[in-house]
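The stops below go from one selection to the next.

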Amino acid sequence: NYYIVETNSVILCTGAREKYLSFKNNHLPGIFGAGAFQTLLNRDLIKGSSKIFIVGAGNVGLIAAYHALQAGIEVVGIADVLPKQSGYKVHLDKIKRYGVPVYFSHSVIEAQGEERVNAVKIAPVDKDFKPDYNKIITFSIDTLLIAVGLAENNEMEDSLKRSSIQLYKAGDANEIAEASSAMFSGKLAALRLIKNLNKSLVFEDSLFEKEKVLKLPGGKVFDPDEIRQKQNFSGEVYPSIFCYQQIPCNPCVTSCPAHAIKIDGDPIYDLPLYQTGCTGCAKCVLTCPALAITLVDKRKRKDNKVMVTFPFEFLDKFLPVDEYQLTDIDGNIIGTGEFAGIKHFLKDKRSLISLYVDEKIANLAAGFRLPLQNMVIEGNYVRDSSNILKNSLNNNSSNLSIENTNNDPSFVCICERVKVEDVKEIIRLGIKDINFIKAATRLSMGACGGKTCSTTITSILREEGINKNVVEPNKPRPLIVEVPFKYFAGNKVKLNFDNINSKKKEKD
Ligand code: SF4
Ligand code: SF4
């Protein structure tokens, strides 16, 4: 069943899908996208993991780690092949403070498990991303999240462009960016459509300027010491701001009733600096989405300690029972804090925890360790890295491909179980047409309609030295819609067109 809707304008806001990776046993249950994990957790309230590992330190991976902690799931680690995070530094700092280990310049080598993934192996990589198999680390996990980027869901765009329909795009379908940018681009797409209907409408240029700024990725990371020199740490009460990267964000500025925080430079993108005049209202601590502000209040003292207030977005049961281990911005322990009080702000979905902290470290205390991560920090999930794979690699030539060391497969198309090696064999015959590979292997003919393998096949072609300009792209299948999980749980799908039609008749 379908409807034909007559229109002359469409706003395409079909979002994005997650990119996937090819590695050994990447088909095992328990391995899936970090975005899907967040949907399960945050929308469907399903907690199907107890200890996870994440591949990719972009914003999706970093935020997935944070949401996992909030749900009481241990985060065994995050690995990224790059030497630093591609997500915002404030998101990275936040999870490091809670005790999540981050492995930069590391690549996932393989997953292990029978019924479900139970371990992941990672290895350090050199500047050409070549793994060092002598230094494999194996972690016990029950879920492996892939967070290696998003690709626009824009299959419909081509057919719309061929029609006379006026096309507007919004959100990730337009360009992959942060949620605030996606929401703003939706408003602008609607405004552009309205303007097209009513040419006399005039919009301020500042709207389009804001659109540009919100789309900006994280910019320069400044030296914290240099920025802290510019912050004002004098007075009896002031915010300590741990925000050292250009990012499109400024609620700390707009929420301060005393106008005490200013941005030096672009009003959204540059770094916030505390000037003077703080009244200690803690609104900035409550508002900063990255939990990057604490409030130091020297008016409230106990012995040689002063009160420092920290933002906290967890249930109270996750708080330390005895001692609060204070950390600096990088997650290093710098001392302890003594509980002074807690206030809950249900509307803000956040609490403020006040601790008495040694005055000498009050400005540097960016957060405190989460007891949930104790087992991870103590290394309880690191398995012995000596294994058959490593031994076999050590005993052979450096040309030995890890794909050939045992029979565990690496899949390019998970839906149709198409192996990387089978596709490579076809490519090596000189085939550069993805539709041919599809016909020969069923690549992209599964349930996802080629959405997952469209990115993995690209990397395989690149690995095989094929220039993307000579590749004949896949002919995509028509779009399908997302199916709510309740239907898999037994709820019958009821397509009540009669109801819709009768409503339409009433309206007519
Ligand atoms: S505590 Fe209140 S007054 Fe002080 S900087 Fe933050 S928002 Fe402004
Ligand atoms: S609210 Fe301010 S301190 Fe917090 S992340 Fe945004 S710019 Fe940085």
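Select E19 (residues 333-345) and E20: these strands pair in the antiparallel sense over 8 bridges. Strands (E, at least two residues) and helices (H or I, at least four) are DSSP runs numbered from the N terminus, and two strands pair if DSSP finds at least two bridges between them. Gly341 stands opposite Ser354 in E20. The hairpin of E19 and E20 has 4 residues between the strands, and Lys349 there takes a positive phi near 50°.

This is a predicted model; local features need pLDDT of at least 70 and side-chain atom pairs pLDDT 80 or more, while totals for chains, interfaces and linings use all residues. Residues are numbered from 1 along each chain as its sequence is written, chains are lettered from A and ligands numbered from 1 in the order written, and side-chain values use heavy atoms, without hydrogens and water.

Lys305 stands opposite Asp358 in E20. Of the 9 residues of E20 (350-358), 8 are buried, that is, under 20% relative accessible area with a 1.4 Å probe, protein chains only.

Now select ligand 1. It is surrounded by 13 residues, each with a heavy atom within 4 Å; the closest are Cys256, Cys278, Cys281, Ala282 and Cys284.

Finally, show the open sheet of 5 strands, ordered E3-E10-E4-E5-E6 with parallel pairing. E3 (31-33) and E6 (102-104) are at the edges with a single partner strand each, so one side of each has no neighbour in the sheet.

Conventions: Buried means under 20% relative accessible area, exposed over 50%, partly exposed in between (1.4 Å probe, protein chains only).
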